[in-house]
Amino acid sequence: MATTKEGGLADIVAGTTAICTVGHEGSSLYYRGYSIVDLTQKASFEEVAYLLIYGNLPNQQQLNQYLEKLQKLRGLPVEITHALERMPAATHPMDVMRSTCSLLGTIEPETKEHIAQDVADRLLAMFPAALLYWHHFHLSGERIDVKVEATTTAEYFLKLLYGKQFDAKSELGKLMVKTMDVSLILYAEHEFNASTFAARVCTATLSDIYSSITAGIGTLRGPLHGGANEAAMLLILQYASVEDAKKGMMQKLQNKELVMGFGHRVYKIRDPRSDIIKAQSKALSEALGDKKIFAISECIDKIMMEQKKLFPNLDFYSASAYYFCGVPINMFTPLFVISRTTGWVAHCIEQRKNNKLIRPTADYIGPARLAYVSIDKR
Ligand SMILES: CC(C)(COP(=O)(O)OP(=O)(O)OC[C@H]1O[C@@H](n2cnc3c(N)ncnc32)[C@H](O)[C@@H]1OP(=O)(O)O)[C@@H](O)C(=O)NCCC(=O)NCCS
């Protein structure tokens, strides 16, 4: 029987998928056969969402209808606004996302009429609204109107974050929207990563789509997975200068500390998403006249390559890109949720098409055949 000696199911093929290829032909990433280089350069996040959820790229009419549908779905049910107001201000935004998803499942459950793809669109449209409603309410007591005009998810998120002061037509505004859009495309899908696998395991028991997405969010939260973008930003901010970063990083490596935002289970040479988001981060750094954050990031990147032969993964330069967009650090992983919801749902639909319960076995390494000791003798 096949076994995973190294643990963590590394290099084990756990099934088949027609949604994504990671790291084939060297360092590459394709969604349903389309390269992420092409998608980030030529498509919008909504086109990619449609591709993942519905199986093909939309034509112009389908895209227009899809954009309209998402805009109409942005409203928050009163049960959700009440819950968001009652959640403690200190709640981690990932818990806000997880709870919002689960709660929506009680209000608009998945049915034969309200199918997985509808749920995906609703969550995609509503997640930014829920997150930013919660944020503003607990920051200033303001109950924001989540029905602001914005064609894309990227623009919508920034408009809800900044309010009226966000100028989507300014050069900086356009660059921020583009960066958000690119990052949403890059985070949308990644084959059998931990959160997608968790969602598929849940789906395979014939559970509902909300349970699968909730499982995905819970799994994404950890710093070895989605939480790495937040941890990477906290690392960058520890250093006051490039010199300081050099010293601090050498110390960390000497202490054999794990550096978040580096390394990958599947990519062995480089993460193809990193250069794409790095270019966005660099452009924002220049537009904002930043002299520190991007330079420190590059310094950390250089040291990790020189000392450990480790390359940055998507999370590392996403951190500074989001930071330059003014996104609070604890919203970095929730942004990942908004995007990855598309990939999760695509996988759940695929799992259902050819379903088999996912239930591996384990090699037992505990004590054998112990005599039962009665409770008064222990
Ligand atoms: C992504 C990750 C979990 C992949 O892990 P993996 O395939 O299980 O690889 P391993 O943890 O076995 O790492 C192999 C070696 O590289 C080292 N290594 C891997 N990533 C490292 C990192 N980010 N910082 C420092 N050392 C790292 C490990 O310590 C290990 O060294 P050892 O052989 O001396 O023990 C791992 O690289 C990591 O923890 N990265 C940081 C978290 C992160 O950025 N996650 C987002 C992934 S997209």
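In the predicted model, the C-alpha centres of domain 1 and domain 2 are separated by 25 Å. Domain 1 is made up of two segments of the protein chain, 20-222 and 333-353, while domain 2 covers 228-324. Contact between the two domains involves 26 residues of domain 1 and 22 residues of domain 2.

The ligand is found in the largest pocket. The shell around the ligand comprises 18 residues, of which Val259, Gly261, Phe262, Arg265 and Asn313 come nearest. Classified by residue type, this shell holds 9 nonpolar, 5 polar and 4 charged residues.

On the backbone side, an N or O atom of Gly261 is placed 2.8 Å from an oxygen atom of the ligand. The backbone of Phe262 also takes part, with a polar atom 2.9 Å from a nitrogen atom of the ligand. For Arg265, a polar atom of the side chain is located 2.8 Å from an oxygen atom of the ligand. The ligand taken alone exposes 850 Å², and 60% of that area is buried by the protein.

Definitions and conventions. Residues numbered from 1 in each chain as written. Predicted model: local features only at pLDDT ≥ 70, side-chain atom pairs only at ≥ 80, totals over all residues. Heavy atoms only, no water. Near = heavy atom within 4 Å. Polar contact = N/O pair within 3.5 Å; in protein donor to acceptor, adjacent residues only side chain to side chain. Areas by Shrake-Rupley, 256 points an atom, 1.4 Å probe, with all protein chains shown as cover. 1 Å grid on protein atoms, 1.4 Å probe; cavity = no way out; pocket = protein on both sides within 12 Å on 5 of 7 lines; lining within 4 Å. Sits in = over half its atoms within 2 Å of the grid points. Nonpolar A, V, L, I, M, F, W, Y, C, P; charged D, E, K, R; others polar. Domains from an automatic or database assignment. Contact = heavy atoms within 4.5 Å.
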